[in-house]
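Please keep the sequence and the model at hand while reading.

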Amino acid sequence: MQMNNKIEYDTTENIKLLQSKLLRQTLRYANRFSPFYHNLFSRHEIKVKDILSVDCLELLPLTTKEDLLKYNKDFFCCHDCYADIVSTSGSTGVQPIIHPLSQCDLTGLAYNEFISFMEPPVTSSDYVMLAVALDGSFVAGLAYYMGIKRLGVSIVRAGSKNIHIQYKILKNFPITTIIGVPSNLIKLREYCLKEGMTNRLNSINKLILIGESIRNKDFTLNELGKRISACYPNANLFSTYANTETCVSFCECSAGKGGHLHPDLAYIEILDNENRRVKNGEIGRLVITTFGNQSMPLIRYDTGDVTFIADEPCECGRTSRRIGPILSRKKNIFKIGGVTFGQIQLENILLSHNSVIDYCVKIQYERDGLPTVSVWVSCKEENNNVAKQIRQKIWEELRIMVCVSSCSTEELVKIQQSTGSRKLVRFINLLNEV
């Protein structure tokens with residue numbers, strides 16, 4: 001695997017030349033060792049030797065999550081040298097997608113985060129609390145841990161679920177940086193306030209945020225971003241986007257103008273609803289082609305996540321492409337009662353109410369075949385008016401009728417766990433599951 005972070009500062013032409021070379025290597029490798037891609041290329045009469053540049057990628061079909069679910073093991077390229085195995089979270093009625101990793105793949109995983117965290121920057125003087133999961137075959141916690149350790153930084157593995165343990169770590173260690181999910185870190189702050197510990201929160205100077213988008217299209221903070229910024233007033237925010245299936249991540253630098261692609265690890269495209277490439281800056285679905293993955297390379301993997309490409313040079317000096325904030329997900333855009341809306345729009349409304357600590361949204365079909373939206377919120381204090389206010393605001397801004405209920409934190413967690421996922425699920429979509 002070629003690893004050279006200097007390429008991120010190189011000319012557009014040189015980046016393209018390198019990515020085209022890596023693409024040719026990937027296609028030859030996948031055609032030889034991946035049963036799925038060998039059959040796919042044969043079925044479509046594709047000769048990989050004719051694909052000479054990343055500009056030719058449009059000649060290849062997309063790979064979808066349905067493909068991974070149906071033919072998961074056919075994607076595997078080497079069956080005798082797995083160093084680790086990670087998987088997606090899965091959801092109701094859907095088995096997790098397995099992604100084996102060779103030692104070479106683990107090296108690439110660590111390199112991805114090592115390069116990402118050089119810019120926020122995380123330094124040897126930092127003390128990092130890793131508030132994400134390292135158990136359960138999750139890839140994110142593993143990647144962040146290896147990347148941080150490669151930087152030579154002190155790290156405490158707090159995990160994602162036990163707020164009391166996270167509180168104890170903040171109390172007993174000089175934590176300066178937290179890696180975690182924004183919604184979970186908001187709950188951590190509320191817990192700290194109840195325990196009377198406020199001074200330690202002010203010493204956090206960096207938050208590396210995963211799993212939830214904190215920015216609008218113009219890179220300003222959305223409601224979740226505003227909330228987390230208010231909770232940790234002295235912390236700089238660095239949003240990251242990661243995709244489990246490809247084991248690729250994108251992290252913001254100090255400019256906060258998009259997640260940086262590492263061009264020696266992947267190539268990205270943005271496609272419209274007709275699967276045509278859009279112009280840089282235009283919104284569409286993110287498609288990723290991986291480079292150097294030994295166990296499970298993916299070619300033109302359609303993530304279903306909606307964003308855009310920013311290709312102008314960044315303030316940090318890098319010339320490689322960046323992706324904008326995740327604005328929605330293909331499967332989480334709905335049309336109910338003639339009104340089209342997205343998950344993030346609804347979540348922004350919930351988080352704009354200062355009393356709301358956490359929430360869960362469930363969209364499903366009722367017996368009459370019509371879709372309904374149900375919302376549960378836990379609040380800082382019991383207030384029956386909160387549910388009414390939120391329902392009214394959703395109607396005013398989106399023109400959809402929803403059922404909003406207040407509940408305790410314990411009751412809300414049970415609802416978030418009702419899908420059987422390994423994660424707490426705050427948006428449960430039962431309309432169009434895979």
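The sections below go from the basis of the model to the overall fold, the cores and the rings.

## Basis of the model

This is a predicted model, in which local features need pLDDT of at least 70 and side-chain atom pairs count only at pLDDT 80 or more, while totals for chains, interfaces and linings use all residues. Residues are numbered from 1 along each chain as its sequence is written, and side-chain values use heavy atoms, with hydrogens and water left out.

## Overall fold

The chain has 11 helices and 21 strands, taken as DSSP runs numbered from the N terminus (helices are H or I, at least four residues; strands are E, at least two). For 434 residues, a compact globule would have a radius of gyration near 22 Å, and the chain agrees with a value of 22 Å; the radius is taken over C-alpha atoms, and the globule rule is 2.2 Å times the number of residues to the power 0.38.

Of the 434 residues, 55% are buried, where buried means under 20% relative accessible area, exposed over 50%, and partly exposed in between, with a 1.4 Å probe and protein chains only. Among contacts (heavy atoms within 4.5 Å) between residues at least 6 apart in sequence, 68% join residues at least 24 apart.

## Nonpolar cores

A nonpolar core is a set of buried Ala, Val, Leu, Ile, Met, Phe, Trp, Tyr and Cys residues joined through side-chain atoms within 4.5 Å. The largest one has 51 residues, of which Leu170, Ile178, Leu207 and Tyr232 touch the most other members. Helix H10 (residues 384-398) supplies the largest share of this core, 5 residues. A second, separate core holds 28 residues, including Ala30, Val54, Leu57 and Tyr301.

## Aromatic rings

The whole structure contains 14 aromatic pairs, counted for Phe, Tyr and Trp (its six-membered ring) when ring centres lie within 6.5 Å, with planes under 30 degrees apart called stacked, over 60 edge-to-face and the rest tilted. The pair of Tyr29 and Phe33 is tilted, because the centres are 4.9 Å apart and the planes stand at 50°. These two residues are 4 apart in helix H1 (residues 12-33), and therefore separated by about one helical turn. Tyr29 is partly exposed at 23% relative accessibility, as is Phe33 at 34%.

Tyr241 and Phe250 also form a tilted pair, 5.9 Å centre to centre with 35° between the planes, and both residues are buried. One aromatic cluster is formed by Phe36, Tyr37, Phe41, Tyr71 and Phe75.
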